[in-house]
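I opened the model to look up a few things in turn. My notes are kept in the order of looking.

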Amino acid sequence: MRTDSSPGSLPAREHLPAAGAGTPVLDVVVPVYNEEKDLGPCVRRLHEHLTRTFPYAFRITVADNASTDGTPRVAAGLAADLGTVRSVRLEQKGRGRALRTVWSASDAPVLAYMDVDLSTDLNALLPLVAPLISGHSDLAIGSRLARSSRVVRGAKREFISRTYNLILRGSLQARFSDAQCGFKAIRRDVAQVLLPLVEDTGWFFDTEMLVLAERAGCRIHEVPVDWVDDPDSTVHIVRTATEDLKGVWRVGKALATGSLPLDRLGRPFGDDPRDRELSGVPQGLARQLVGFCVVGALSTLFYLLLYSGFRHFTGSQLANALALLVSAIANTAANRRLTFGVRGRGGAVRHQAQGLVVFGIGLALTSGSLAALGAASADPDHSTELAVLIAANLAATVLRFLLFRAWVFPDAEPTTPAREPGLRPEPHLPDPYRAWSDATVRLQPVRHADTDHSRDAR
């Protein structure tokens, strides 16, 4: 570590030393279509950066999407000159198709891709993949819309990008900030589960993968990036936007109808602490609180209506007791089923008996409040009585929840559904040099409809 920085300034940023060759931890895919001019400088610059700064073994894969110019020849030359570069040829176009094909066949535990124009500053590459190597996150994306990002682009593309992400948030409830940035990474074990569910083979591939990952419970890490627009981009904005909107409609419809089997994925990608059953740690507290509050609000309204009705025929104390008795029976039955998830008749009588004890405590609180009000005022009006009763019931409600949870329904914990054996998580990546022995899927074109492929400078 350098120690010659001047007082008051941050120390200079230095990369970790690069490690020796071995099984690649990272496989960076560069999808291309007719990029014979820019492919060579791009890959050589990326290779030099990774060699100099990346502390683990890596591979660069050029995925040629049926180029008709000299791109295949350039890619083959790069693979021959640089030992960590390989070239894959596909006979159909589509960025999504290229990523699906290469990622499905890769043996690297971390998979990434970037556009050939290198619009994104390469210094963001290590922060992009580090959370995946450590096992902290499942996917990582570069974000041009983060506050600390520095972006140079035209107003038209800026407007389109922000509008598209607003559409995703409004229609698909997406929480990630930038779906279109051509700078993403994913753990291989996550990709093996998600990729079969992604239908798109073009530009919408990224968005669909992120939406499904988010719905399946994956953690998506976002990295602010420095990004410079490519003035020579050949992206067809109108056609791409139209295809994206079609994809949004298709995915939204599938999510609404339940045709996507995301519920069976649950959390197959890692050890989620919410899935652990630990002794002494309350389970489902938030859900039970919400259910109890809803039942309590309805019970309070029911109680006040009963009290007002009984008050016309009897005194305040008897009206309070009768209203509490009826509402307490209904409250215990509703909480038993809705809040604590107890089904069937087993233990119902015992639960109601214990509920009546809790009712007695509430009766003591509210009756004591009425007695105190009567001592303070010989003839209190009805609105004052109701205000005192509401305050007393709030205090009784807190105590009632605690007694219900700890005494009446102590064993009514929500159960975690069993997962399918084939969806158990792979281990995290404790050692980047660990040998990965999974069988490699042979590369072959995936047969889908043609999708135009060019550089992503959106």
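**Ground rules.** I am working with a predicted model, in which local features need pLDDT of at least 70 and side-chain atom pairs count only at pLDDT 80 or more, while totals for chains, interfaces and linings use all residues. Residues are numbered from 1 along each chain as its sequence is written, and side-chain values use heavy atoms, with hydrogens and water left out.

**Entry 1, a helix pair.** I looked up how helix H9 (residues 285-311) packs on helix H12 (residues 382-408): the angle is about 145° and the axes are 10 Å apart. Helices (H or I, at least four residues) and strands (E, at least two) are DSSP runs, numbered from the N terminus. Axes are lines fitted to C-alpha atoms, for helices over the stretch in contact, and angles run from 0 to 180 degrees between N-to-C directions. The contact (heavy atoms within 4.5 Å) includes Leu285, Phe292 and Tyr307 of H9, and Leu389, Arg400 and Phe404 of H12.

I then asked which residues of H10 (residues 316-339) are buried. Among them are Ala319, Ala323, Leu324, Ser327, Ala328, Asn331 and Arg336. Buried means under 20% relative accessible area, exposed over 50%, and partly exposed in between (1.4 Å probe, protein chains only). The cover over these buried residues includes H9, helix H11 (348-376) and H12. After H10 comes Gly341, with a positive phi near 65°.

I found Asn34 in the loop between strand E1 (26-32) and helix H1 (39-53). Asn34 is not a glycine, yet its phi is positive, near 55°. Its relative accessible area is 28%, so I list Asn34 as partly exposed. Ala66, also not a glycine, has a positive phi of about 60° and lies in the loop between strand E2 (58-65) and helix H2 (71-81). Ala66 counts as buried because its relative accessibility is 14%.

How many cavities of 30 Å³ or more does the structure hold? I noted six. A cavity is a set of points on a 1 Å grid over the protein atoms alone where a 1.4 Å probe fits but cannot get out; lining residues have an atom within 4 Å of a point. Grid points are joined across faces, edges and corners, and a volume is the space filled by probe spheres set on the points. The largest cavity has a volume of about 170 Å³. Of its 18 lining residues, Leu324, Ser327, Ala328, Asn331 and Arg400 are the closest to its centre. H9, H10, H11 and H12 each give two or more residues to this lining.

Note on methods. 1 Å grid on protein atoms, 1.4 Å probe; cavity = no way out; pocket = protein on both sides within 12 Å on 5 of 7 lines; lining within 4 Å.
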